[in-house]
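I opened this notebook to record what I looked up in the model. The entries follow in the order in which I made them.

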Amino acid sequence: MKNTPKDYVLAGATGLAVLLIVGLLGVLLWEIVAGGAGVISGTFLTQSPSADMTSGGIFPAIYGTVVVTMLMTIAGVPVGIATAIWLSEYAPRHSRLATIVRIAVNNLAGVPSIVFGLFGLGFFVLFVGGSIDDVVYGPGTPVWGKPSVLWASLTLAVLTLPVVIVTTEEALRTVPQDLRDASLALGATRFQTVFKVVVPNALGGILTGVILAVSRGAGEVAPILFCGAANFLPYLPTDLRDMFMHLGYHIFALATQSPNVDAARPMLFGTVLVLLVLTFSLNLVAVVVRSRARARLRA
Amino acid sequence: MSSVRVSLRSARLARVGMDDDAADPELGAQPVKRPPLGQGFKTPLSHRIAEKLIALMALSAVAAVALIFIFVAKEALPLAWEQLDGMRLLDLFLPRTWTGYHEAVYIWQPVGTPEKFNVVPLFLGSLKVTLLAMIFSVPLGVGCAIYLALYAPRRMREIVKPVIELLAAVPSVVLGFFALMVLATWLQDAFGWHFRLNAAVAAVGLSLTIVPVIFTISEDALAAVPHSLSEAAMALGARKYQVALRIIVPTAAPGIAAGVILGFGRAIGETMIVLMASGNAAIMKPFDFTTSVRTVTASIAAELGEVAQGDPHWRVLFLLGAMLFAITFALNFVGSVAIRRLEKRLTAT
């Protein structure tokens, strides 16, 4: 059909929106790469920052981010996958409990990240940590009841839970019903069907969800503001109860709390570039894994 | 033939064993012969324990939502009976003539003496930044969705969609940094604003996080509109833009609305961008977008680290968190209702 002038107006206006958004993303990436690429070097990636944070490297922040993200994954992913398996494979259709769980997952995904920070402080640090201190050590200086790697990781685990659940459930649902029926018809129990047939077939999709959750968790700053992230630490965290430096928090600190913003500028751009490369490469891996999994299911 | 029957039978028995005592509508009426214990059909104990464990873990999300609300509200609740220094509970929400002021004012000044906690300027700040961000991002997000769903060639759609989704993967602290270091300077140069960091800069930064939200949900909704509808309209001689604006967009409207609502929820709860780019001064000028604002989220983030536990200020910050939680909870609820309405509408045709 021939396009009329009004078609061109609509296509032009909406196309402009696409151009603007893609352009802004391009500018964002360009600014960060242009400002940060020159800073990246062996010393930048492996050294500690100097005390005024205008020179040196960001190794403690990279290390802290990796440690926290790994602990978060260990704590949160199994629970998320279990929830998704229950929702997709065990929960009776239209059961009230499944509906409640789904509503909870949806709401959890919408909770502002700063509220997770308050929750981490109020629940993990003060309640759980404080209770451990009360029971084990009695009154005195807090041992567990203070911000630390552990509490920050657990807070992030709760934050990323909905990402894991939603993507995993989607992945499980794409496994054809025929496979389940065939497995059950051969006399396999439901448990065997789930873990030997359904989960292996959905592995690609599940992995995608896990990677996306890791990427999300690695970039969040607001939830860890009060749960363990430190402005500057002369040592690396070696204990679950230590505080830690974090790439995202480091960016925030350099950009807003540095005594000399101009001197810290190259460090800031370099740190942003490192964080962005980290999250983007995780997302890229997720995209590749997902497209492979889809191709496999189609075959 | 007989072997088939046997295997079918064993499969049935296996299912009976697996469901344990759950009533099977097909078999419930007739008595079922169970195999002797330990001979095949019963699910092993370890599996049953694992299944119970899975069901238990499935409650984690429910527990998390409940615990978040309980523990955030718990820190705020003592405000209701604890003595605030020279402040009444209502002063949190109503204007008051403080000593040294000539009229009743809304004022957030947690470090002044006496401490003045009025949450109205903060919520006004949040609302101002969020609404401005929505003005930018709703046309952009919905526009992108319409273009990709209706006009873009397939190849282009396959490239642009992941690119916009990539924007959603940029950590908010990076967007805050971008707004603070790059956008603020540009916008000030372009418009000659007096304050470098202001509501408008924060709103542009915020739009970068909400456009992907609005876009993804709207695009899904537009793509889900059945082809039969647009084909019928075309067959009746409708132009493409008519199909787009009178058939596809109205049909997908609940989905687009859900995207806008969820985007709003995301924007009002976003912390790092507004904390870094809004200037953070609690000024009560609802319609001036070139002055600094202080939002609810930024206040919590900036102030909680420096407050003693159990202080009235601490409690007020947790109260802000609880209110924020309630607001996003409500927005989420409305958004999911809109999505369900869309699903109903699409399956009805």
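Helices (H or I, at least four residues) and strands (E, at least two) are DSSP runs, numbered from the N terminus.

Conventions. I noted that residues are numbered from 1 along each chain as its sequence is written, while chains are lettered from A and ligands numbered from 1 in the order in which they are written. The model is predicted: local features need pLDDT of at least 70, side-chain atom pairs count only at pLDDT 80 or more, and totals for chains, interfaces and linings use all residues.

Confidence. I found an ipTM of 0.91 and a pTM of 0.87 given by the predictor for the complex. Over residues 1–23 of chain B, pLDDT stays under 50.

Chain A. I looked up the secondary structure of chain A and found 10 helices and 0 strands. The C-alpha trace of chain A spans about 70 × 65 × 35 Å along its principal axes. Of the 299 residues in chain A, 49% are buried (20 or more other C-beta atoms within 10 Å of the residue's own; exposed if 12 or fewer, partly exposed in between; C-beta atoms are placed from the backbone).

Helix α9(A). I then examined helix α9 of chain A, residues 247–256, where 9 of the 10 residues are buried. Among them are A:Y249, A:H250 and A:F252. Their cover includes α3, α8 and α10 of chain A together with α6 and α11 of chain B.

Interface. I counted contacts (C-beta atoms, placed from the backbone, within 7 Å) between the chains: 72 residues of chain A touch 73 residues of chain B. On the chain A side, helix α1 (residues 5–36) gives the most, with 16 residues. That side has 49 nonpolar, 18 polar and 5 charged residues. Here Ala, Val, Leu, Ile, Met, Phe, Trp, Tyr, Cys and Pro count as nonpolar, Asp, Glu, Lys and Arg as charged, and the others, Gly among them, as polar.

Packing of α1(A). How are α1(A) and α10(A) packed? I read an angle of about 125 degrees with the axes 8 Å apart. The two helices are therefore oblique to each other (under 35 degrees is roughly parallel, over 145 roughly antiparallel, 65 to 115 roughly perpendicular, the rest oblique). A:I32, A:V33, A:G35 and A:G36 of α1(A) meet A:F269, A:G270, A:V272, A:L273 and A:L276 of α10(A). By class, this contact has 6 nonpolar, 3 polar and no charged residues.

Note on methods: pLDDT = per-residue confidence, 0-100. Contact = placed C-beta atoms within 7 Å. Axes fitted to C-alpha atoms, helices over the stretch in contact; angles between N-to-C directions.
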